[in-house]
Amino acid sequence: MFARKILNSRKESTIEVNYKGSNGSAPSGKSKGKHEVKDYNKSLDEEINSLNKLQESIEKLNIKEFSDLKKIEDLTKNLGGNTRIALEFAILKKNGGYKWLKGGKIPTPVGNAIGGGAHFKGKSTNFQEFLLIPKEKTFFDKSFLNMKIHRDLQEPIEKLDKNFLLQMTDEGAWAPNLNDEQVLEIMSKFCKEHNVNLGLDIAANSFWDGKHYVYRDKKLTREEQIDYVNDLIKKYDLFYVEDPLEEEDFEGFAKIKNTMVVGDDLIVTNLERLKKAVKLKSIQGVILKPNQAGSLIKLKEVLDFANKNKITSIISHRSGETLDNSISHLAVGFNIPYIKCGILGKERQAKIKELITIEKELGFITIK
Ligand code: 2PG
Ligand code: MG
């Protein structure tokens, strides 16, 4: 086993670990929840050194079952979430990926087609992601349709944004200088035409100033934001709405109706926060990000609790990604119904292509 530095899709340094010939590497978020596990407890270089010092002890561990990853947790308890996740991804790969986890269902892709917010530097939408959730039969057909719609969106965007220069967000979504409703108008037309469900990651925390939700063309109070989001759900028939309010407003989430309300910054893949959300009926869906949880065992605990309480799980990439495809294996291995992993760009395609390969291996099994 050895660890080293690589660059992610945002050209930030991150950790890659090689475990007995298999690689794992960690992503990094930009719209981070306050309560996420830290990527690194020390500097990246110090963490890499610390992990390399554990080489012998790690290689000696007898890791046969998924539950044996508890030994990795214990041994690396002073290290950050990214360091442990990169190592655990490499171990997952070494042990056969999804086959090690005994699942076998293919998820539906949630594809980010247009976006802005914290994922784009220039003038863009306030909402972070406008998402396509196709209803085709196979993963292959769903992911291809996402790519086709992404490509075809260029034309209507150019009609509305005369200065559009094909700029994209960190995740490879178009980043036009338009407001949220202009984009919803364009997207909902495509969704109706292609029988695709429409979703949003509002990432409301990123434009909450402590008193107001500050938009490019308006300022809303908490109550106004709740009404506004409920109106958008009705008007655009939104199937999925992630983080409609700031990250501490569990009660406010419960007031968003008639859609799948999804917690990302609200839950940060943390069991205690999910328990609170279930008690307060804040959400119907939860984002699972391995490095946000800090270990695969913790991620599984959150998933199990979500399943027990009929909360739909969505495993997710981060805005700064690597070529690692572990989340594709986790989706299938744990029978997670949705995967949010972008549409275009080599880091996003790495996850999609792996799922197409797995789908072939399994013989086209899909989740409705
Ligand atoms: C999100 C993610 C990924 P980030 O908010 O859902 O799309 O963004 O990785 O920047 O937290
Ligand atoms: Mg999010």
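Helices (H or I, at least four residues) and strands (E, at least two) are DSSP runs, numbered from the N terminus.

The model is predicted: local features need pLDDT of at least 70, side-chain atom pairs count only at pLDDT 80 or more, and totals for chains, interfaces and linings use all residues. Residues are numbered from 1 along each chain as its sequence is written, chains are lettered from A and ligands numbered from 1 in the order in which they are written, and side-chain values use heavy atoms, without hydrogens and water.

Twelve of its 14 residues are buried, so the rest of the structure largely encloses α4. Buried means under 20% relative accessible area, exposed over 50%, partly exposed in between (1.4 Å probe, protein chains only). Among the buried residues are Arg84, Glu88 and Phe89. Step just past the helix to Gly96, where phi is positive, about 105°.

Next, ligand 1. It is surrounded by 15 residues, the closest being Lys30, His119, Glu129, Glu171 and Ser319; a residue counts here if one of its heavy atoms lies within 4 Å. Now draw distances from polar side-chain atoms to oxygen atoms of the ligand. For Glu171 the distance is 2.5 Å. For Glu129 it is 2.7 Å. For Asp201 it is 3.1 Å. A polar contact is a pair of N or O atoms within 3.5 Å.

Move to the second largest pocket, which holds about 170 Å³ of space. A pocket is an open set of points on a 1 Å grid over the protein atoms alone, where a 1.4 Å probe fits, with protein on both sides within 12 Å along at least five of seven lines; lining residues have an atom within 4 Å of a point. Its volume is the space filled by probe spheres set on the points. Select α8 (180-194), β6 (196-201) and α9 (222-236): each supplies at least two lining residues. The lining includes Lys135, Cys191, Leu198 and Tyr236. It divides into four nonpolar, three polar and four charged residues.

Finish with two loops. Val268 sits between β10 (260-263) and α11 (271-279). Its phi is positive, near 45°, and it is not a glycine. Val268 is buried, at 1% relative accessible area. Asn335 lies between α14 (326-333) and β13 (338-340). Its phi is also positive, about 55°. Asn335 is partly exposed, at 34% relative accessibility.

How values were computed. Nonpolar A, V, L, I, M, F, W, Y, C, P; charged D, E, K, R; others polar. Polar contact = N/O pair within 3.5 Å; in protein donor to acceptor, adjacent residues only side chain to side chain.
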